[in-house]
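The following questions and answers go through a few packing and pairing arrangements in turn. Please keep the sequence and the model at hand while reading.

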Amino acid sequence: MNQWTPKAEQIYDLILSLFGSAADPSKPVDFTALQQTAQLSQLEWEEALDYSAQVLSNLCNYKSFGATKFIPRCPPSTFHALVSASQQPAKAAALWELVKDDMYSLEPVPLLDIGKPSAGHLSNYYPNSQDISDLEINLVQAVCDAHQLSTLNTRLVKHSPTEFSLLIASVTDTLSPDVFPSSPLKSTSQPQLTIHLKPSDFSKPLNQVCAALVEAKKHSGSEIRAQMIDEYIKCFKEGDMGAHKAASKLWVKDVSPVVESYLGHIEAYVDPFALRAEWEGFTAIVNKDLSLKFEQLVNRAEHLVQCLPWGKPFEVDVFRRPDFTALEILNFATGGIPAGINIPNYFDVRESTGFKNVSLVNILSAKAPDEEITFIHPSERELYSQWDTRTFDLQVANHELLGHGSGKLLQENKDGSFNFDPKTTINPLTGKPVESWYKPGETYGSKFGVVASSMEECRAEAVALYLCSNIEILKIFGYEDPHDIETIQYMTFLLMARAGVRALEWYDPKTQKHGQAHMQARLGITKWMINHGLAQLEEVRAPETGTLEDAYIRVNKQMVLEKGKEIIGKLLVEMQIRKSIADGKGAEKFYNELTTPPSQVWEGELRDLVIRKKQARKIFVQPNTVLVPSVDAGSAPSTNHDGDQVHLIDYPTTNIGVIESFLNRNV
Ligand SMILES: [Zn+2]
């Protein structure tokens with residue numbers, strides 16, 4: 001939290017002290033009684049709960065996604081009343097005094113964003129150093145780099161233009177000479193910088209983490225995981241990022257465990273210079289049922305990709321088995337839970353040992369209790385809600401496992417040889433032998449530039465549409481009933497078309513740019529479906545004014561069943577062939593045209609409607625686990641006080657549920 005803003009932790013503590021009971025602060029007070037004692041109207045009460053749940057979920061009073069500040073809707077008097085009515089009034093009042101101005105302040109405006117101090121923005125990676133310049137940050141970095149000192153777990157304080165302190169996250173207050181250069185660091189070139197190395201930043205929470213890891217190690221269940229935990233402990237105790245790298249290697253080597261866990265200073269999104277990482281950690285359980293289906297699919301991938309529409313010369317010679325795991329998140333300690341992750345980030349570990357590509361299933365499929373299924377005709381909403389999760393599972397599997405892994409790049413090797421036969425390989429788009437390919441040193445990224453990542457997502461999404469009627473794949477996923485087989489094909493196309501409409505949220509008509517690679521891809525596929533008669537937009541307009549009130553994307557089921565595969569096959573050939581023959585220019589033209597919204601209505605009124613109907617970003621109510629004594633039938637309860645049975649505590653999906661979950665966590 002304190003990596004974001006100087007007040008984040010105090011606001012967090014204030015909220016927990018308002019709602020925690022005096023006898024046991026990890027237990028909630030009687031919420032109804034608190035509202036009555038504080039004499040709050042229902043609206044004030046709900047607004048206070050809204051703010052509280054948002055702060056806890058973002059671990060900050062800034063949005064984890066977007067990094068802008070939010071303030072309570074209710075006036076300060078509401079929180080003041082809660083402070084007085086709380087069961088820990090002295091503690092709450094002291095915290096309230098510290099944060100009340102900051103919680104509501106909307107000035108100066110630049111401080112409402114997390115960002116570079118040089119632009120007036122806030123970043124507690126540079127505490128008490130609002131005057132630190134970009135150049136100074138980079139100069140210090142150069143000195144650290146020269147000493148091979150990772151700055152991922154650090155913050156930087158400026159004392160003067162030549163004197164700085166590098167705060168290192170660790171439990172201990174002494175630095176091991178085996179790991180760290182001696183302090184202070186001095187730069188060899190002008191300006192002469194002095195950089196003091198100061199350990200024990202965040203020592204209290206890291207000490208708690210280490211204590212929990214010692215407990216976790218007892219249940220690690222394998223030597224490799226025990227070693228990994230030892231490396232984590234070494235990293236957090238001593239501030240040694242080398243140990244974190246070692247832990248990351250062991251994590252990658254630990255193939256297909258039942259419980260996955262990764263933690264530490266990992267992602268550098270919050271630091272405006274991307275030099276310093278945010279501490280986070282998750283525990284997840286592998287979705288065995290889905291993972292088994294993935295495995296069966298990958299086992300048959302070599303054979304399945306042969307049926308893709310571009311033909312053998314454009315298909316990979318050897319299918320590279322992708323790494324892909326479906327996880328159900330049990331707990332994610334972070335301000336914003338992602339839907340998928342590809343870690344570790346250490347480039348050398350990825351090269352030497354590998355990485356894990358992970359889909360967080362229960363984050364992707366989470367629905368708010370009253371979520372409207374937008375842009376789907378009311379008569380189809382029930383069917384949609386019955387089928388969307390499993391349709392999405394099939395789509396993701398085909399996209400990740402067969403989509404990204406398929407299709408060959410035609411290449412000329414350094415010695416002048418080719419991985420294809422230039423004379424006999426016919427380009428299906430021209431009917432003539434191929435005229436271009438990747439020269440030595442050229443890559444897909446270097447040839448396709450701005451369209452590279454989105455077109456690749458489009459190709460993978462289209463592969464998934466193409467394969468949704470494949471009987472062999474459907475059988476793996478348990479679809480053998482003819483009616484189910486028809487339904488899932490239809491639903492796959494319908495889900496795609498709905499995503500294509502919602503993609504307008506990320507499209508900016510002024511710059512004609514898409515802000516998100518996957519959504520651009522989905523809009524492109526939807527336009528292709530519309531142009532080929534698979535889908536159409538049904539507009540609902542006000543009778544008198546003619547304004548667009550609602551819209552439904554309608555997919556022609558009969559057409560999907562009869563022609564869907566063929567139509568998507570054509571799109572796939574357009575993209576794959578250009579990709580295979582390194583035709584970056586041709587691809588850019590084709591792809592930009594494909595992903596330009598289908599009409600003026602889409603760019604204007606429909607986009608406005610999409611933005612009006614945009615769903616609020618979800619906050620997640622996370623469960624907790626506790627150990628309870630096991631009770632065997634017929635025997636006395638275990639005398640072990642902590643117990644040896646894991647019990648899952650779930651909470652209602654409400655603001656109060658969020659608050660209870662954080663209170664019970666007791667951190
Ligand atoms: Zn993808």
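**Helix packing, sheet and domains**

Q: At what angle do the axes of helix H14 (residues 381–403) and helix H18 (residues 482–502) cross?
A: This is a predicted model, in which local features need pLDDT of at least 70 and side-chain atom pairs count only at pLDDT 80 or more, while totals for chains, interfaces and linings use all residues. Residues are numbered from 1 along each chain as its sequence is written. Helices (H or I, at least four residues) and strands (E, at least two) are DSSP runs numbered from the N terminus, and axes are lines fitted to C-alpha atoms, for helices over the stretch in contact, with angles running from 0 to 180 degrees between N-to-C directions. The axes of H14 and H18 come within 9 Å, and they cross at roughly 85°.

Q: How are H14 and H18 therefore oriented to each other?
A: Angles under 35 degrees count as roughly parallel, over 145 as roughly antiparallel, 65 to 115 as roughly perpendicular and the rest as oblique. H14 and H18 are therefore roughly perpendicular.

Q: Which residues of H18 make the contact with H14?
A: Two residues are in contact if their C-beta atoms, placed from the backbone, lie within 7 Å. On the H14 side the contact is made by Trp387, Asp388, Thr391, Phe392, Leu394 and Gln395, and on the H18 side by Thr487, Ile488, Met491, Thr492 and Leu495.

Q: Which strands are the edge strands of the open sheet of 4 strands?
A: Two strands pair if DSSP finds at least two bridges between them, and the sheet has the order E1-E2-E4-E3 with mixed pairing. The strands that pair on one side only are E1 (154–160) and E3 (185–186).

Q: In E4, what is the bridge partner of leucine 185?
A: E3 and strand E4 (residues 194–201) run antiparallel and are joined by 2 bridges. The partner of leucine 185 in E4 is isoleucine 195.

Q: How is helix H16 (residues 452–467) oriented to helix H20 (residues 557–580)?
A: The two helices pack with their axes 9 Å apart, at an angle of about 150°. That angle makes the orientation of H16 to H20 roughly antiparallel.

Q: How far apart do the C-alpha centres of domain 2 and domain 3 lie?
A: Domain bounds come from an automatic or database domain assignment, which gives domain 1 (8–114), domain 2 (380–612) and domain 3 (627–665). Between domain 2 and domain 3, the C-alpha centres are separated by 46 Å.
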